[in-house]
Amino acid sequence: MTSDSATPTGPDLRQGVAFGDLPDGRMLAGHAGGEAVLLVRRGEDVFAVGAVCTHYGGPLAEGLVVGETVRCPWHHACFSLRTGEALRAPALNPVSCFRVERRNRSVYVQEKLEIAAPRALTLPALPRSVVIVGGGAAANAAAETLRNEGYRGGITMLSADDSGPYDRPNLSKGFLAGSAEEDWIPLRPPEFYKEHDIDLKLATSVVALDPSGSKLRLADGSELMYDALLLATGAEPVRLNLPGGDLAHVHYLRTLADSRAIIAKGQASRRAVVLGASFIGLEVAASLRARTIEVDVVAPETIPMERILGADAGNFIRQLHEKHGVKFHLGTTAASISAQSVTLRNGETLDADLVVAGVGVRPSIALAEQAGISLDRGVAVNEYLATSVPGIFAAGDIARWPDRLTGESIRVEHFVVAERQGQTAARNILGARERFDAIPFFWTEQFDVAIAYVGHAERWDKAEIEGSLEARDCAISYRRGGKKLAVVTIGRDHASLEAEVAFERAIASA
């Protein structure tokens, strides 16, 4: 997803704007020195920041001002109006800040301000070293946050992946579809970790954790000590257990290497079968169709995504895919796979040069289990993301935490949640005692439709649609016992942000 919002529009803010023309909490998009700038008044203060989200280039002028922050309408990144700091993932870089001068009841945007480097923390209780097991969204966000908070101790990231941290959502979306270049995928270039003194070790597996000795044993037999530990081991795909499930043309999509392999195989394939109608499965189907590959989707449910989105939205998604040539085979599963076909349990046989299985993932909790850390269909953590073992935290796909909105313990397998948990865990490693209260958010892109989901409704008994699915302009509220737990929007980015804020306020007032 890209934007032309970097093109300066609106007034030249260097020429001045009447203070009275700036309603409190409203945004004015303009430009200064050839750069798109957003002017925002909060009480008697006026702030000027870059108008383009540093994540995917979303137009912040179409977002929402909350306190002294502005939130991006696309993927809910949050920036400080006072400092430009990226306060919440998925944005990792700040927006620019400009000096604002007030003269004669007018405000003038002046020069761009330098970003202040974080002060070094010198608290006596700080850990001497932090080790992060994992190399994904939570791990990367934690390492960056430690440095952004001024921590100067040792940071080691142990990643089993061959590649440095990358933008996992793009693997099934733009990158797989061919619309995103591979150089868009890394979250940071390799030099970033060296410049910030983060010891990133790739292709490194941890085989044992000894909490009593505060040490890890690696696959090569070496040991590594830690003062504080973050487990961010993520999840792994559920593997097919059927004849032919291990054939070379059967693929899973979890890593950058997986996506590359599917792309390579797709270049020589005419027909693909996608097993599973999950978000990943359907994104893969859409991306393969963008490469003009014939696609059949096989899934046990009778309506795609019905359990998560409801029958109406599920049927809308099915019709969307069918309009783009995807064929569905629902109410059945694969029985066997051969070199050129997939046989279904209903007796049907589908030609297939390529098979992609998206039948779910499992949290990678073997290390935590071996170490005796408390589990609950994942790694159990408290509101501060601390595990049952002092000094050990967990974040991302493995973490099950107490959700104040639903009153239940939940585990969410989404990129933005993982990043935000990594940020919170890092601050708590440094002694912040910060609750993880961020409202879960994720998005999916299928063909030309973007769907945003905010909140968490693992179970719901009522789905209320405001607007029209067919017109791609709607908000769907999911309730249980009359309580709103989640909101899905199509074509209503501002409403998605408003729902997020409403959920935050509900938690704050509980």
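**The model and its confidence**

The structure is a predicted model. Mean pLDDT for the chain is 95, and 99% of the residues reach 70 or more. Residues 1-5 have a pLDDT below 50, and this stretch makes 16 contacts in the model beyond its near neighbours in sequence. Where pLDDT is low, the predicted coordinates should not be read in detail.

Which strands does E20 pair with? One partner is strand E21 (residues 294-299), joined to E20 by 5 bridges in a parallel arrangement. Here you can find Val-274 opposite Val-297 of E21. Another partner is strand E26 (residues 354-357), which also runs parallel to E20 and pairs with it over 4 bridges. On that side, Leu-275 stands opposite Ala-357 in E26.

If you follow the chain from E20 to E21, you pass through helix H6 (residues 279-290), and the three elements make a right-handed β-α-β unit.

**A hairpin**

Strand E23 (residues 334-337) and strand E24 (residues 341-344) run antiparallel and are joined by 3 bridges. They form a hairpin with 3 residues between them. Look for Ala-334, whose bridge partner in E24 is Leu-344.

**An open sheet with a helix on it**

Now turn to an earlier part of the chain. An open sheet of 4 strands has the order E5-E6-E7-E8, with antiparallel pairing. Its edges are strand E5 (64-66) and strand E8 (86-88), each of which pairs on one side only. On average, neighbouring strands in this sheet are turned by 35° against each other, direction ignored.

Within the sheet, strand E7 (residues 78-80) pairs with E8 over 2 bridges in the antiparallel sense. Cys-78 is found opposite Arg-88 of E8. Helix H11 (residues 493-509) packs on the sheet and touches E5, strand E6 (69-71) and E8. The direction of H11 makes about 20° with that of E5.

**Two nonpolar cores**

In soluble globular proteins, nonpolar side chains tend to be buried together. The largest nonpolar core in this model has 58 residues. Those with the most contacts inside that core are Ile-132, Leu-209, Leu-216, Leu-229, Leu-231 and Ile-373. A second, separate core has 44 residues, including Ala-285, Ile-293, Val-326 and Ile-451.

What does Ile-373 contact, leaving aside its neighbours within four places in sequence? Among its contacts are Leu-209, Leu-231, Val-379 and Ile-392. Ile-373 is also in contact with Ala-368, Thr-387, Ser-388 and Val-389.

Most residues other than glycine have a negative phi, and most peptide bonds are trans. A few places in this chain depart from that pattern. A cis peptide bond joins Ala-89 and Pro-90, with omega about 15°. Pro-90 is located in the loop between E8 and strand E9 (97-103).

| Residue | Phi | Loop between |
|---|---|---|
| Ser-214 | about 50° | E14 (206-210) and E15 (215-218) |
| Arg-472 | about 55° | E34 (462-468) and E35 (473-480) |

Are these residues buried, partly exposed or exposed? Ser-214 has a relative accessible area of 25%, so it counts as partly exposed, since that value lies between the 20% and 50% limits. Arg-472, at 29%, is partly exposed as well.

Glu-408 belongs to strand E31 (residues 408-410). With a relative accessible area of 23%, Glu-408 is partly exposed. Not counting residues up to four places away in sequence, Glu-408 touches Trp-401, Pro-402, Asp-403, Arg-459 and Arg-480.

Technical notes:
Residues numbered from 1 in each chain as written. Predicted model: local features only at pLDDT ≥ 70, side-chain atom pairs only at ≥ 80, totals over all residues. Heavy atoms only, no water. Pairing = 2+ DSSP bridges. Right-handed = clockwise from strand over helix to strand, strands pointing away. pLDDT = per-residue confidence, 0-100. Contact = heavy atoms within 4.5 Å. Core = buried A, V, L, I, M, F, W, Y, C linked by side-chain atoms within 4.5 Å. Buried < 20%, exposed > 50% of the residue type's maximum accessible area, 1.4 Å probe, protein only. Axes fitted to C-alpha atoms, helices over the stretch in contact; angles between N-to-C directions.
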